[in-house]
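Student: I have a new structure to look at, and I'd like to learn how to read it. Can we go through it together?

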Amino acid sequence: MSAEQIRHARAMLADPEASISSIAKLLGVSRTTLYKYVPELKAGGRPALGVGQLTTALEAAESH
């Protein structure tokens, strides 16, 4: 996976409604590959939203 794909995966994984399978499919990789390149998934976790992502998410929620 490219660095950009990993960033996209982490951003999508911040959404609790997004499944690992659907994210892998969107990125054109297997679930195994996703687990390999996003090691926090192995521990059963998901990447948390960073401050910039949290601000963007809050702004998007307020606009709806």
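Predicted model: local features only at pLDDT ≥ 70, side-chain atom pairs only at ≥ 80, totals over all residues.

Student: Which residues of α2 are buried?

Tutor: Buried means under 20% relative accessible area, exposed over 50%, and partly exposed in between (1.4 Å probe, protein chains only). In α2 (20-27), the buried ones are I20, I23, A24 and L27. Their arc around the axis, taken from the directions from the helix axis to the C-beta atoms, is only 100 degrees, so they sit on the same side of α2. K25 and L26 are exposed, on the face turned away from that buried side.

Student: What covers the buried residues of α2?

Tutor: Look for contacts, meaning heavy atoms within 4.5 Å. For α2, the cover includes α1 and α3.

Student: And which residues of α1 are buried?

Tutor: In α1 (residues 3-13), they are I6, A9 and L13. They fall within an arc of 60 degrees seen down the axis, so they line one face of the helix. Setting aside neighbours within four places in sequence, A9 touches M1, I23, L27, L34 and V38.

Student: How many residues make up the largest nonpolar core?

Tutor: A nonpolar core is a set of buried Ala, Val, Leu, Ile, Met, Phe, Trp, Tyr and Cys residues joined through side-chain atoms within 4.5 Å. The largest one here has 11 residues, including A9, L13, V29 and L34. Its largest share, four residues, comes from α2.

Student: Which side chains meet in a salt bridge?

Tutor: That takes a side-chain nitrogen of Lys or Arg within 4 Å of a carboxyl oxygen of Asp or Glu. Here E40 and R10 pair up at 2.8 Å, N to O. E40 is in the loop between α3 and α4 (51-63) and R10 in helix α1, so the pair ties together parts 30 residues apart in sequence.

Student: Where is the pLDDT below 50?

Tutor: pLDDT is the predictor's confidence in each residue, from 0 to 100. The protein's mean is 77, with 69% of its residues at 70 or more. Residues 51-55 are below 50.

Methods. Residues numbered from 1 in each chain as written. Heavy atoms only, no water. Helix = DSSP H or I, 4+ residues; strand = E, 2+ residues; numbered from the N terminus.
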